[in-house]
Amino acid sequence: MHVRTFLKSLFREPRTLVPAVALLALGVGGFAWMLALHRSVMERSFSAPRPDRLVSLWNARVSEPQRHGTPSPGDLQLMRGFPGVFSGVAAYFPRHAALGREIPANVALDEVTGDYFNVLQVRPVLGRAFSAADDAPGAPATVLLSHRAWQEHFGADPSVLGRQVALDGEPAEVIGVLPKAFHTAHGTDLFRPFRWSDAKRQNHQGHFLRVVARLQDGATLAQGQAAMDQVAARIKELFAAEVPKEWLDQVRYGLNPLVDDVLGQGLQVLRLLRWATFLVLVLAAYNAAALLLARGLGRRAEMAVRSALGAAPESLRRQLLAEGAILGLLGAGAGLGLAWLCLPPTGRALSWSFPGLSWEGLALDGPVVVLALLLGPALGALCALAGQPGSRLSDLLRGVRQPGLAGPGRARRILVSAQLLVGASLLLGAFSLRHSLTQLLKADLGLDAAQVWTFRLQPRMKLAERSRLAQELAQRLRALPGVVAAGATNGLPMSGLRSDLNLPLADGRHLSPQARALTPGLVRALGFHLLRGRDVAATDTAASEKVVLVSRNLALEAFNTEDVVGRSLPILGEPFTIVGVLADLREFGPAQAAPPIFFLPMAQSEALWHEDLCLALRVAGPVSSLGPSPAQIQAVLREAAPGQPLAKYQSMEALLQAQLGPQRMALAFMGAFAALALLLAAGGVFGIMSAAVAARRTEFGVRAALGATPFDLLGQVLRETLRLALVAGLAGWALGLGLERLGRATLGALPEPPLHLGLLVVASLSFAAALAALLPALRAARIPPAEALRES
Amino acid sequence: MSEPLIRLESIKKVFTTDEVETHALAEVHLDIREGEFVSIAGPSGCGKSTLLSILGLLDTPTSGTYMLNKKPASGLKLADRARIRNREIGFIFQSFNLIGDLTVFENVELPLVYRGMPAAERRNRALNVLEDVGMSHRARHLPSQLSGGQQQRVAVARALAGKPSILLADEPTGNLDSANGESVMELLKELHRRGSTICMVTHDTRFAGAADRTVHLFDGRIVSEEEARKQHTA
């Protein structure tokens, strides 16, 4: 009977119940959305069994603990010396390779240690995993296929095992296919063992490995860190004679859960979102309770009659609970619909931050739906109990201080202000992030990204050949119609390459700038700003005088002046003459500070790490002009570098946008949450002011009796709300600035937001609050005074 | 004889729900002269409060004529009625109806705020009336810090603050013990002696007798009027 009565009242009295259902839908929908998102991110990011036991091992400088570096093969051997802590320690190196001979495809290849899949505890669905023999020096090349690569490149052929494929022109035997559920965050297609020589295995020079370990059952992260401290101590012992003490003092090794590494900044954004969703749930429930209280206050007489007719308090409470539960169920249904609608655009936003993962088909799964359908009614029942007349919430909203009438009440002011404050903070955060992102896109990067197109090769050749190939490709690209400049480097700005180099100075100090190689033409192609001296030239060959271009900040750090052309820089023991000074370059993206950096002519860059060969070309014409077609570039490659697949052909601006992925994702989510917070704050103002007006009917009646016109009463409610909105807006401004600082700490060096954003937030919030309070204010103005006074 | 301050002629009040009409007042004729103290008595549901609401312009009659200060008070807009209430009428309620979050002083000055009176003048006027009712020493207190009798004194001060033409008191002693009730009645009598016009609804025959004239209502009609120590049938 209760249910039927309630459903009838829902349609008869939609003014209160529909907003309450909508609020619960927002809360439960947000919860379902976050849960679905969290499960998907975790499942799609690293699909090994018991991923919570997997950790990433890294090195870092004591002065820059957040910047995790890549260990060397020698480090890996030391890390394997703690079987009591780690059940296994493996390593991989992600790169790209050409698959096939005639028309090679560019594939993502992970070179791995032989025990890699043992550590991950992943077994192939076809064939076998790598054995120690596959990783031995001189062993025949073998390859494991990801499920996707098996489907895309081999037509899911079950007889693929034993087939020979060409990887970068070298044959390798397919020995297995990995399960469909297994994928890496960077979307690896193929896996191949390193097959290092014994010397390479002990090498401490090349730092390029990503190391993954599995903690023994019962072992803690603290024990893992203690093991890493021992690795650091051992390194200090090993190199005490060769490396200066201050450099060794900076050596640090550490570990963190693998998922943190895989998801990077995006995971921090997701963690912030989890809190935001929880906040939304609490706010929504609280506002729904306030709305139910407004309804309950209007039903006091009905409840009194039911009680007088013999209804036991338990029976009345059961009725309230049943009504709340139905309301919650309706809210949960609507919330699930909302979450279902929001998940596809969420997938798009996630792809900005986690481009290596597939976000297609992001959906609500069974457990999420069941949890939401349980949470909704429970929350609704709780709201109904909290919102019954005579409850604590009711007392707070009425501001009971008998004798005397209920007044505006400090508690009510605090409750409204708290919501508005949250709304203001999130709104300011979103506005600031949007502003910061716009500023970042306009920031001086030290290069001109417009009209620049880039692609990447991975030729397996010696430096002299590589340098010749780079110069020939640049020359051919320059001959294409519309191309005004072209050049090559071993790592494009913002491509993720980190190559710190120890640079001892004459005065005993050590710097660790980034080191890159380039060919003539790259400075012009990328629009680097040459502040002093000259660019590198074709005459800067392996046999000529060793020359170097340095960034302005490196010049200042090393020599305390920009005027360094002609001075000598000792690079790995050899003097290089500085021939040019470039403007500071935001090598790691617009959100990161520009690191000191130097560029060697490719022909003279024997000392540097060469994996990729990146080409950049600048086209003439309007900003919107397109670069050469992929077919034109492929034609150049066929002539100059047969067998090399075209990879990552994209504009420099796209690369720049991709660098801002976490920021863009944060902005999208923050924007959505700010809109939601504003909606909730408005809903909260509506709910609380509705309940307050209902609770204060007698007061409004008295005021009317004393001569308040309807306009006075309307103005009073609006004034009360606006005053709160103004105070909350200003407080939210301050809080938002704090949040925004936290955001900047999370998302990199974002510019400070201007003052007018705060004013905009206060104005927006006040407007939304006034709009939300309008209906309760109109109700207050229309209260018939005689009736209200009779009720007292 | 002077013109009455209030004149009700053939006042009817009918409350209509979906299918039922309730006649709360029928053919009520009533004159209240300036300086008069009238009490309205009668059993529950006889229409006393409805009559007081109509007199106080809180409600409108279904038919009939209401003249206040020689001006028709029927057919006015809500805002005009509020303005007249503010200037011409002072209310005293059974449950005091002080606003809990406002101090005694703020409660008293509230009608003057709605009148748009300058702050300095408001302050003087509010302090004066609080002095008159002997509550100036409690001006900064909240209603919850006062006894019932003190609260009703403040309510009287609030009713007086706007210097209204008439005070309408609805069971002013109904929520008070006998000593406080006596005290409040003494205050009303004192105000009457100083020239205030008072119309009071009361159940209490002890206090009804304090008025110059008692009007008896029954089933929405005036069944008798009696003057103090001199009784006649209407």
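These questions and answers cover a predicted model with chains A and B. Residues are numbered from 1 along each chain as its sequence is written, and chains are lettered from A in the order in which they are written. Local features need pLDDT of at least 70, side-chain atom pairs count only at pLDDT 80 or more, and totals for chains, interfaces and linings use all residues.

Me: What percentage of the residues of chain A count as buried?
Reply: A residue is buried if 20 or more other C-beta atoms, placed from the backbone, lie within 10 Å of its own; 12 or fewer make it exposed, and in between it is partly exposed. Chain A has 792 residues. The share that counts as buried is 49%.

Me: Why is helix 21 of chain A largely enclosed by the rest of the structure?
Reply: Helices are DSSP runs of H or I with at least four residues, strands are runs of E with at least two, and both are numbered from the N terminus. Helix 21 covers residues 697–705 of chain A. Its buried residues include R697(A), E699(A) and R703(A), along with F700(A) and V702(A). Helix 21 of chain A is largely enclosed because the buried residues number nine of the nine.

Me: Which residue just after helix 21 of chain A takes a positive phi?
Reply: The place to look is just after helix 21 of chain A. The phi there is about 115°. The residue is G707(A).

Me: How are helix 15 and helix 18 of chain A oriented to each other?
Reply: Axes are lines fitted to C-alpha atoms over the stretch in contact, with angles from 0 to 180 degrees between N-to-C directions. The axes of helix 15 (463–478) and helix 18 (630–640) of chain A come within 10 Å and cross at roughly 140°. Angles under 35 degrees count as roughly parallel, over 145 as roughly antiparallel, 65 to 115 as roughly perpendicular and the rest as oblique. So helix 15 of chain A is, relative to helix 18 of chain A, oblique.

Me: Which helix of chain B gives the most to the side that touches chain A?
Reply: 30 residues of chain B are in contact with 27 residues of chain A. Helices 1, 2, 3 and 5 of chain B each supply at least two residues of that side. The most, six residues, come from helix 2 of chain B.

Me: How many bridges join strand 7 to strand 8 of chain B?
Reply: Strand 7 (166–170) of chain B has five of its five residues buried. Strand 6 of chain B pairs with strand 7 in the parallel sense over four bridges. Strand 8 (197–201) of chain B also runs parallel to strand 7, and A169(B) stands opposite M200(B) there. The bridges joining strand 7 to strand 8 of chain B number five.

Terms used:
Contact = placed C-beta atoms within 7 Å. Pairing = 2+ DSSP bridges.
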